[in-house]
Amino acid sequence: MVEVESLNQTESGRGHRFKLSLPVSLFKSVYVQLAFWTSTYFVLLTIFSTSSVWYHIDYLYTGIFMSTMMIAVWMNAYLLIPRMLQQRRYLIYLISVCITIIATVYFNHLLFDKLIDYILPGYYFIAYYSLLDLLKFFGVLVALATLIQLTMEWFALQENTQSAILLQKEKVTAELQALTNQVNPHFLFNSLSVLYSLALRESREAPVAIMQLSDMLKYVIYEASKRFVPLGAEVEMIRNYIGLQRYRVHVSTKIEFLENDIDPSFPVMPMVFLPLIENSFKHGTHSNTNDAFVSIRMKTTSDDMEFSITNNRMLEESPSTGGVGLRNIRMRLDLVYKEKYELNIVEEETNFSVHVKLPRLYEEN
């Protein structure tokens with residue numbers, strides 16, 4: 001079926017939709033119909049001809065005979081299939097198509113038995129075939145035409161489905177890129193702040209920090225736009241970020257990153273964990289207490305990976321579950337992992353924890 005959809009807007013902003021549904025053959029299969037009816041005509045002509053030579057009367061008889069068959073085929077194609085078969089009203093469709101075939105068979109028999117003498121008085125035609133023979137002719141042709149039409153519509157549906165999938169994938173990619181772009185300036189600003197602080201102190205660590213930032217920028221430019229990256233590359237990005245943050249936190253701050261039990265090739269969405277790590281350094285390491293800490297753990301199995309991060313929390317801080325970074329992560333995870341991921345947030349009086357569990361996905365997902 002081909003659906004032509006229109007949306008008429010009113011002044012209030014509301015609208016109404018209407019759909020015009022017609023068989024795909026009306027639009028895309030003119031050549032198929034010509035080939036079908038031409039083939040049918042010559043097959044019938046061969047059957048009806050009493051000799052190896054075709055005469056004018058043979059052409060005329062075949063054309064009239066086939067025109068009655070066209071009634072049954074077109075009623076089935078343009079009425080019964082769209083309104084019954086494609087609406088899954090199978091029993092009603094079966095009964096209706098049988099009634100249509102029987103009615104057109106009787107009309108064919110009546111036409112050649114009585115009516116043709118009034119329509120073409122100069123010719124002599126007779127109802128040569130019995131009703132049973134006519135039922136076989138009409139039944140086979142209607143079944144063949146139905147099979148051809150449904151096959152064409154199936155291919156059209158597959159084409160439309162693939163187009164819809166491609167459009168959806170492009171939309172998801174654009175949304176992901178927009179969300180990733182929200183992360184990039186924030187992380188870059190924090191990293192540049194570290195370099196600025198080192199430069200003011202004329203620290204010998206500045207060249208090392210610049211190299212770490214350079215590696216991070218390469219990752220952002222060349223990897224962050226991908227749908228998935230190897231977990232090993234994401235880990236290296238996190239190491240560089242943590243390395244930069246060590247320059248700006250108090251020496252007593254405990255920073256832990258345990259990622260030994262991982263598969264470096266595990267596919268993961270790029271920069272998905274960075275906002276969580278940024279939040280932990282922002283809220284956990286800014287306290288003046290000696291128990292400030294950030295603890296990051298990663299592990300993978302053959303089917304999934306787990307990421308958890310915990311940091312201390314100052315008592316006067318308000319809950320962070322509605323933060324921009326967490327909303328960004330939720331939206332990105334929804335787009336890529338759908339309902340297959342887990343994101344759990346635990347807020348305690350002195351600690352804040354986030355646990356993420358991601359399934360193993362591949363590019364085609």
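In the predicted model, Arg-88 is exposed, with a relative accessible area of 68%, and it occupies the loop that runs between α3 and α4, the latter spanning 90-119. Although Arg-88 is not a glycine, its phi is positive, at about 65°. Most residues other than glycine have a negative phi. A second residue with a positive phi that is not a glycine is Lys-338, for which the angle is about 55°. Lys-338 is placed in the loop between α9 (324-337) and β8 (342-347), and with a relative accessibility of 45% it counts as partly exposed, whereas Arg-88 counts as exposed.

With regard to the overall architecture, the protein contains nine helices and nine strands, and 39% of its 365 residues count as buried. Of the contacts between residues at least 6 apart in sequence, 70% join residues that are at least 24 apart.

On the α3 side the contact is made by Tyr-61, Ile-64, Phe-65, Thr-68, Ile-71, Ala-72, Met-75, Asn-76, Leu-80, Ile-81, Met-84 and Leu-85, and on the α4 side by Tyr-90, Ile-92, Tyr-93, Ser-96, Val-97, Thr-100, Thr-104, Phe-107, Asn-108, Leu-111, Phe-112 and Ile-116. Sorted by class, the residues of this contact comprise 18 nonpolar, six polar and no charged.

Ile-71, which lies in helix α3, is one of the residues through which that helix meets α4. When neighbours within four places in sequence are left aside, Ile-71 is in contact with Thr-104 and Phe-107, and both of these partners belong to the α4 side of the contact. The C-alpha atom of Ile-71 is separated by 8.9 Å from that of Thr-100, a residue 29 positions away along the chain. Despite its place in this contact, Ile-71 counts as partly exposed, at 35% relative accessibility.

Helix α3 (residues 56-85) also packs against helix α2 (residues 30-48), at an angle of about 135° and with the axes 9 Å apart. The two helices are therefore oblique to each other, and the crossing of α2 and α3 is right-handed. From α2, the residues Gln-33, Trp-37, Thr-40, Tyr-41, Leu-44, Leu-45 and Phe-48 meet a set in α3 that includes Asp-58, Tyr-59, Thr-62, Gly-63, Met-66, Met-69, Met-70, Val-73, Trp-74 and Tyr-78. Tyr-61 and Phe-65 of α3 likewise take part in the contact with α2, and these two residues are also listed among those of α3 that meet α4. The contact of α2 with α3 has 14 nonpolar, four polar and one charged residues.

A further helix pair is formed by α6 (residues 206-222) and α7, which pack at an angle of about 145° with their axes 9 Å apart; the crossing of α6 and α7 is left-handed. Helix α6 contributes Ala-209, Gln-212, Leu-213, Asp-215, Met-216, Tyr-219 and Val-220, while α7 contributes Ala-233, Glu-234, Met-237, Asn-240, Tyr-241, Gly-243 and Leu-244. By class, the residues of the contact of α6 with α7 are nine nonpolar, three polar and two charged.

The largest nonpolar core consists of 51 residues, of which Phe-273, Met-298, Phe-307 and Tyr-337 touch the most other members. Helix α7 (residues 231-245) supplies the largest share of this core, with seven residues. Apart from this core lies another, of 32 residues, among them Phe-48, Tyr-93, Val-105 and Leu-111. Of these, Phe-48 takes part in the contact of α2 with α3, and Tyr-93 and Leu-111 in that of α3 with α4.

Within the largest core, Tyr-337 is in contact with Phe-228, Pro-267, Val-268, Met-269, Leu-358, Pro-359 and Leu-361, neighbours within four places in sequence being left aside. Gly-325 is placed in helix α9 and, not counting residues up to four places away in sequence, touches Pro-275 and Asn-279. Between Gly-325 and Glu-278, which are 47 residues apart in sequence, the distance in space is 8.7 Å from C-alpha to C-alpha.

Key. Residues numbered from 1 in each chain as written. Predicted model: local features only at pLDDT ≥ 70, side-chain atom pairs only at ≥ 80, totals over all residues. Heavy atoms only, no water. Core = buried A, V, L, I, M, F, W, Y, C linked by side-chain atoms within 4.5 Å. Buried < 20%, exposed > 50% of the residue type's maximum accessible area, 1.4 Å probe, protein only. Helix = DSSP H or I, 4+ residues; strand = E, 2+ residues; numbered from the N terminus. Contact = heavy atoms within 4.5 Å. Axes fitted to C-alpha atoms, helices over the stretch in contact; angles between N-to-C directions. Parallel < 35°, antiparallel > 145°, perpendicular 65-115°, else oblique. Left-handed = near helix turned anticlockwise from the far one by under 90°. Nonpolar A, V, L, I, M, F, W, Y, C, P; charged D, E, K, R; others polar.
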